[in-house]
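Here are some notes to read alongside the coordinates.

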Amino acid sequence: MALRLLYLIIVRIVGWLVLLSRSTAAKDVELLVLRHEVAVLRRINPRPRLAWADRAVLAALVRRLPDWLRQHRLVTPGTVLRWHRRLVQKKWTYPNRPGRPPIDDTTAALVERMAQENAGWGYRRIQGELLKLGHRVAASTVRRVLKRLRIPPAPGRDTDTSWRRFLRTQVASTLACDFFHVDCALTLKRVYVFFVMEVATRYVHILGTTTNPDSPWTTQQARNLLMDLGDRADDSRFLSRDRAGQFTVSFDAVFSDGGIQVVKIPPRCPRANAHAERFVGTVRHEATDQLLIINGHHLRAVLDRYVSHYNHRRPHQALQLAPPRPDRPIAESACTSIRRRPILGGLINEYEPTAAQPQIRPYGRLLAPHRPMSVEPTANESVPWMNMNTKPTTALPEVKANSNQPASNATEPNPNSWRGLLSPNRPPMFTPANEPRPNSSSAGGTQLDDRCATSVTTRAR
């Protein structure tokens, strides 16, 4: 900047030296031309922007002009005084100026957000909400921030209710219905599908399919819907629909009797019923456009299977990537075994964790966890099929000593009781094949032993 000022001073001095060699008449003509150029420039740009070097040169030269010429210059005495006050203000500017500190950007952004998300809130209402969040801001500051952001006051923001705002406000109690059609592959017959969506949960009800969607059929499907909803119909307050000819006065009367107000979207505005139109695009992209539909029965089977996937397994962005009504809990992250389940012949795939399968022995016996068990359990020990801590309801039969038997046999447990099964002195049920079998008194017993020995030998092999 200093070099520029020095350059302008040198140029002006050289210009004065050049003017000394010129005649007075030439100077006067040049002055007239320059005045005319200045007049033209003033018409184009009444207030030109001057740099500080230009201001310094003009301020020095204007002192040499007569008073009557100063009134017609770009730089007036008031301008020179204003420049002087600005220079003094910049020199005596302190880092910490007294007065109220400016509002920070975080609070200003919060004020803007509250004003845009709540059209009916005024300055005092926003001030109260900020006070609850720990921001002490005056109502005049809120007004100044909104004015700087060109956001009108509360009465001006709350004059119009858009469809976007209406649907977001009433989304928890709104139903959306619509038709879409599918053309059959062979007969080229057009089949119409009537569905209703619960906007809050994105749950879809396929009410029916028909080739002639007239008013009586549509009205009957509305009655069937209210019967299927039952008590959940009390949670719905609005039904959004278009202005198709199938929706007549009788159709609206069915929902009005159930306490649901029918809202008609504007003509030729499908975006006003955006949730229903979104489902139509999804079902066509994922199912009907990928298959050749034979007839109405085939279409109904495809839609039933797809809607079951849509309502219970398909993730939705509006629901934080969760299904409308999931039919199984979320799997743990440690699950490594995944099973694929094809839908509609593999057109759509579902993935779920595989349950742990029990190990199976040969001959169909399940393997149970091994637990070591003592031969003679005491009263404090437990047996897998009996709790030893509880007393049995019936006492075990006592074995009375016989005079013809030895005294040692009187204390042996009954082989038919559970103690007898665990006794080490119990005879084996089957005789190994490599040991001689005891002689039996009956032929039937010998045949039984032969069969048992053959079975044990086969299993050992």
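How accessible is Arg339: buried, exposed or partly exposed? Arg339 is partly exposed, at a relative accessible area of 44%. I come back to this residue in point 5; please keep in mind throughout that the model is predicted.

1. Overall picture. The chain has 461 residues, and 26% of them count as buried. Its secondary structure comprises 16 helices and 7 strands. The accessible surface comes to about 33700 Å², with 55% of that belonging to carbon and sulfur atoms. Looking at contacts between residues at least 6 apart in sequence, 51% join residues that are at least 24 apart.

2. A nonpolar patch. Do have a look at Ile9, Ile13, Trp16, Leu17 and Leu20, which make a nonpolar surface patch of about 540 Å². Leu20 belongs to helix α1, which covers residues 2-20. With a relative accessibility of 67%, Leu20 counts as exposed because the cut-off for that class is over 50%.

3. Lys90 sits in helix α5, residues 77-91. Its side is open to solvent in the sense that Lys90 is exposed, at 62% relative accessible area.

4. A salt bridge within a helix. The whole structure holds 15 salt bridges, and one of them pairs Glu129 with Arg125, whose closest N and O atoms are 2.4 Å apart. Both residues lie in helix α7 (residues 123-132), and because they are 4 residues apart there, about one helical turn separates them.

5. A salt bridge between strands. Back to Arg339, which forms a salt bridge with Glu352; the closest N and O atoms are 2.4 Å apart. Glu352 is in strand β7 (residues 348-353) and Arg339 is in strand β6, so this pair ties together parts that are 13 residues apart in sequence. Glu352 is buried, with a relative accessible area of 3%, while Arg339 is partly exposed at 44%.

6. Arg313 forms a salt bridge with Asp327, with 2.9 Å between the closest N and O atoms. Both residues are in the loop between α14 and β6, 14 residues apart. Arg313 is buried, at 19% relative accessible area; this follows because the class takes in values under 20%. Asp327, by contrast, is partly exposed at 46%.

7. A histidine in the loop. His316 is found in the loop between α14 (296-312) and β6 (338-343). Is His316 buried or exposed? His316 is buried, with a relative accessible area of 7%. Which residues does His316 contact, once neighbours within four places in sequence are left aside? They are Arg202, Tyr310, Leu321, Ala322, Pro323 and Pro324.

Definitions and conventions:
Residues are numbered from 1 along each chain as its sequence is written. This is a predicted model: local features need pLDDT of at least 70, side-chain atom pairs count only at pLDDT 80 or more; totals for chains, interfaces and linings use all residues. Side-chain values use heavy atoms; hydrogens and water are left out. Helices (H or I, at least four residues) and strands (E, at least two) are DSSP runs, numbered from the N terminus. Buried means under 20% relative accessible area, exposed over 50%, partly exposed in between (1.4 Å probe, protein chains only). Contact means heavy atoms within 4.5 Å. Accessible areas come from the Shrake-Rupley method with a 1.4 Å probe; for residues, only the protein chains shown count as cover. Patches are made of residues with over 30% relative accessible area and no salt bridge: like charges are joined within 9 Å, nonpolar side chains (Val, Leu, Ile, Met, Phe, Trp, Tyr) within 5 Å. A salt bridge is a side-chain nitrogen of Lys or Arg within 4 Å of a carboxyl oxygen of Asp or Glu.
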